[in-house]
Amino acid sequence: MSLFGKVEAEIEIKASAYMFYEVNSKRVAEAPKFCPNFIQSVDLVEGEWGQEGCVVCWYFIFDGKAVMSKEVMEAIDDKNHSVTFKVIGGILMELYKSFKFVVQATPKGEGSLVRWTLEYEKLNVDDPESNTMLEFAIGVTKDIDAHLTHE
């Protein structure tokens, strides 16, 4: 078993790739409106909303508990509709030495294909893979899509 892990998922949505990407890059402050079943609030800690290097605290429900994740928007790629978040504090740092979320939306037909890639280093070899967090990301994606297609 390895300390390093990577889990991925793809999900088709009805919203355009740009609209979905925009929520995850330039409209992060509105996340609670888009997926209230998952995200309670998002606070800007440092920098400017939607800019590389900004630091945000996500407050969300995970495994039935209210938790927080402090993250840096490490990379924003307008051309490929991709955003990378690097976790620097909160619940995930209790379980992982490092953790990154990469979300990319690619046009597909009238909608798009969203790919989540979670890269991490576990604190202990016996710790489980991050499938629960991947399922969380899929749920968030479905809620965002439902909101965008009814906007």
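The exercises below treat the fold, the overall form and one residue.

The model is predicted, so that local features need pLDDT of at least 70, side-chain atom pairs count only at pLDDT 80 or more, and totals for chains, interfaces and linings use all residues. Residues are numbered from 1 along each chain as its sequence is written, and side-chain values use heavy atoms, with hydrogens and water left out.

**Exercise 1.** State how many helices and strands the chain has, and give their order.

*Solution.* Step 1: the chain holds three helices and seven strands (DSSP runs: helices are H or I with at least four residues, strands are E with at least two, numbered from the N terminus). Step 2: along the sequence, these elements follow the pattern β-α-α-β-β-β-β-β-β-α.

**Exercise 2.** Determine why the radius of gyration of the chain agrees with that of a compact globule.

*Solution.* Step 1: the radius is taken over C-alpha atoms, and the globule rule is 2.2 Å times the number of residues to the power 0.38. Step 2: for 151 residues the rule gives a value near 15 Å, and the chain has 15 Å, so the two agree. Step 3: the C-alpha trace spans about 45 × 30 × 30 Å along its principal axes.

**Exercise 3.** Locate glutamate 48 and decide whether this residue is buried or exposed.

*Solution.* Step 1: glutamate 48 lies in the loop between strand S2 (39-46) and strand S3 (55-62). Step 2: buried means under 20% relative accessible area, exposed over 50%, and partly exposed in between (1.4 Å probe, protein chains only). Step 3: glutamate 48 has a relative accessible area of 57%, and is therefore exposed.
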